[in-house]
Amino acid sequence: MMINLFDDSAWTSLRPLSFTRPVADLRIGILTIAQKWEKHLGAESGFLTITYLAQKFRLLSGAELFINGSICPDEQLLAAITNLKDGQCLKKDDLIIAYKTNSGDLDIHITDKLQAIPYPGDFIRISVPEDIFRFNDIELRKDFTLLTKGRSSVALSNTNTFIGDNIFAEEGASAECSSFNSLNGPIYLGNNTSVWEGCHIRGSFALCHDSQIKMGAKIYGQTTIGPYSRVGGEINNAVIWGYSSKGHEGYLGNAVMGQWCNIGADSNNSNLKNNYAEVRLWDYEKENFRKTGLQFCGLIMADHAKCGINTMFNTGTVAGVSANILDQVSPEILFLISHGAGHRALKFIA
């Protein structure tokens, strides 16, 4: 089976995270959205996305089923999509969920000519950057069930302390002298992962393949560490997509960190304003700040962004693609950082 995952308005509202990838390539839970659909449907996936991204994220020309790349699958939604017939379009109000056509027309506006099938249920849709950490717990639990159903975990060392038994370790995972509390959510350790001595981990949590947690780390729930990453310090309700490093002491919370990012030693992000007010984030479409509806919202860091040691990120900071951030981050340079894309943001203390 072949499917194409198409971008809609969510690609625009998810910037800067979507500047470097289609929406379906975003990681939430354990898997990317594309990987979720592939595993559920036993499918190969392609992408219908903006022109410059299409050079890397290819369309599958033979696919007849098109699915909205911002929507995460669930059992009810899967049933509705697999029941679609040629010439039908599944919709929730004005939102296109999926459509099926063998016409060969790849223009998304072909849906105007298809028979609309209303969908009565609810689902998880990622439309703004903070949705990724906000819905991560829900998606992590779903992915944990998907990946571990009918399988047995490898045994971990008896030097560890286990509170609860909702933990799954893939082949090659190792941990020593650490504590794992899965009473509040599952804990997943991917292939060839390593938890070094003295770490404390609470579920829900996922450590994706070939990643490490350094000694003495404190990892709170609703957190995902993507593949080929190394982390330490204190992390809470954060999603790190992969190939990134937060290897030292410092706090990262209510945050999203892209690929090929690095956070310098002893850097921290604030996730709560000192007046407990609603956090605002920079919005690329509005070119202004947008209310998030959240009291806790920390750092949004796009791909290839990096910060120096002792960087202090303000509540609700947005760091754009390839931003290079040195020293303290304050509101007067937030605009420059959020328009990163090759810029260098500097803050000097007199």
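**Surface, core and strands**

Modeller: Tyr228, Tyr243 and Trp260 make up a nonpolar patch on the surface, with about 320 Å² of accessible area together. Patch residues have over 30% relative accessible area and no salt bridge, and nonpolar side chains are joined within 5 Å. A salt bridge here is a side-chain nitrogen of Lys or Arg within 4 Å of a carboxyl oxygen of Asp or Glu. The areas come from the Shrake-Rupley method with a 1.4 Å probe.

Colleague: Before we go on, what sort of model is this?

Modeller: It's a predicted model: local features need pLDDT of at least 70 and side-chain atom pairs count only at pLDDT 80 or more, while totals for chains, interfaces and linings use all residues. Residues are numbered from 1 along each chain as its sequence is written, and side-chain values use heavy atoms, with hydrogens and water left out.

Colleague: OK. Where does Trp260 sit?

Modeller: In the loop between strand E21 (251-259) and strand E22 (262-263). Strands are DSSP runs of at least two residues, and helices of at least four. Trp260 counts as partly exposed because its relative accessibility is 44%; buried is under 20%, exposed over 50% and partly exposed in between.

Colleague: Now inside. Which residues touch the most other members of the largest nonpolar core?

Modeller: Trp37, Ile67, Leu77, Ile81, Ile97 and Ile126, out of 51 residues in that core. A core joins buried Ala, Val, Leu, Ile, Met, Phe, Trp, Tyr and Cys through side-chain atoms within 4.5 Å. Apart from it there's another core, of 34 residues, including Phe313 and Ile325.

Colleague: And Ser18, buried or exposed?

Modeller: Buried, since its relative accessibility is 0%. Ser18 is in the loop between helix H1 (10-13) and helix H2 (33-41). Not counting residues up to four places away in sequence, Ser18 touches Trp11 and Leu53, contact meaning heavy atoms within 4.5 Å.

Colleague: Switching to strands: how does E1 run relative to E2?

Modeller: Parallel: five bridges join E1 (residues 2-6) to E2, and DSSP must find at least two bridges for a pair. Met2 has Glu44 as its bridge partner in E2. Four of the five residues of E2 (residues 44-48) are buried, so that strand is largely enclosed by the rest of the structure.

Colleague: What do E24 and E25 form?

Modeller: A hairpin, with four residues between the strands. They run antiparallel, joined by four bridges, and Asp283 stands opposite Asn288. In the turn, Glu287 has a positive phi of about 50°.

How values were computed. Buried means under 20% relative accessible area, exposed over 50%, partly exposed in between (1.4 Å probe, protein chains only). Patches are made of residues with over 30% relative accessible area and no salt bridge: like charges are joined within 9 Å, nonpolar side chains (Val, Leu, Ile, Met, Phe, Trp, Tyr) within 5 Å.
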